[in-house]
Amino acid sequence: MIAIIDYGAGNIKSVENAVRKLGFETIITSDSEEIRNAEKVIFPGVGEASTAMNYLKQRNLDTLIPTLKQPFLGICLGQQLLCNFSEEGNTKCLGIFDLKVKEFPATDIVPHMGWNNLQAIEGKLLEGISAEDNFYFVHSYYCEVGENTTSECDYILPFSAALQKDNFYGTQFHPEKSGDVGSKILENFLKLK
């Protein structure tokens, strides 16, 4: 069973549909036991950092998530909340990745919305992905580049398009909205041991 964390935000159904299309059963939940016992966990992300963190704290998921041992995927805001701190709402996050989340400077159109390719691609999550492939992004805040960065994207400045540390994976782009290459990312994640 694949647990999709419900924290009252949008795009959960599109993630569920994308996972089910690949042949996996899902449960949408904010229940600690269901999340702890899931084979894999996906933390989808559309929303605002401080609101999402407050929701997690109210359900003690802020203390549960860092202790999970199964493969865990954070998408967009879900990736950002795996970092130490977000400038969005001056929010202390989950601290999995030793990175800050910063607001894009207004030197170009913000939010970054649309299709972009990845650079410096590495890691199991991105197997079979090339610099020719394009992914769908929509975000005003970005994760810095650091030691856990497994791919970068360049919009206004270079940022972490994907992150990985131990069993925790993150993508700034939305695989569930990225067509066949996005399905490949989800498939790679769902096949992780």
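Colleague: What's the strand order in the open sheet of 7 strands?
Modeller: The order is E2-E1-E3-E4-E13-E12-E11, with mixed pairing. Strands here are DSSP runs of E with at least two residues, helices are runs of H or I with at least four, and both are numbered from the N terminus. Two strands pair if DSSP finds at least two bridges between them.

Colleague: Before we go on, where does the model come from, and what counts?
Modeller: It is a predicted model, where local features need pLDDT of at least 70 and side-chain atom pairs 80 or more, while totals for chains, interfaces and linings use all residues. Residues are numbered from 1 along each chain as its sequence is written, and side-chain values use heavy atoms, leaving out hydrogens and water.

Colleague: How do E3 and E4 run, parallel or antiparallel?
Modeller: Parallel, joined by 3 bridges. Val41 stands opposite Phe72 in E4.

Colleague: New topic: H3. Which of its residues are buried?
Modeller: In H3 (residues 49-58), Ala49, Ala52, Met53, Tyr55 and Leu56 are buried. Buried means under 20% relative accessible area, exposed over 50%, and partly exposed in between, using a 1.4 Å probe and protein chains only.

Colleague: Why are they on the same side of H3?
Modeller: Because they cover an arc of only 155° around the axis. That arc is taken from the directions from the helix axis to the C-beta atoms.

Colleague: And what does the face turned away carry?
Modeller: The exposed residues Thr51 and Gln58.

Colleague: Gln70 next. Where does it lie?
Modeller: Gln70 is in the loop between H4 and E4. Gln70 counts as buried because its relative accessibility is 10%.

Colleague: What does Gln70 touch?
Modeller: Among others, Ile35, Val41 and Asn167, not counting residues up to four places away in sequence. Contact means heavy atoms within 4.5 Å. A polar atom of the Gln70 side chain also lies 3.1 Å from the backbone oxygen of Ala38.

Colleague: Last one: how many aromatic pairs are in the whole structure?
Modeller: The search finds 12. One of them is Tyr169 with Phe189, edge-to-face, at 6.3 Å centre to centre and 75° between the planes. Rings of Phe, Tyr and Trp (its six-membered ring) pair if their centres lie within 6.5 Å; planes under 30 degrees apart count as stacked, over 60 as edge-to-face and the rest as tilted.

Colleague: Are those two residues buried or exposed?
Modeller: Both Tyr169 and Phe189 are buried.

Definitions and conventions. A polar contact is a pair of N or O atoms within 3.5 Å; within protein, one must be able to donate a hydrogen and the other to accept it, and residues adjacent in sequence count only if both atoms are side-chain atoms.
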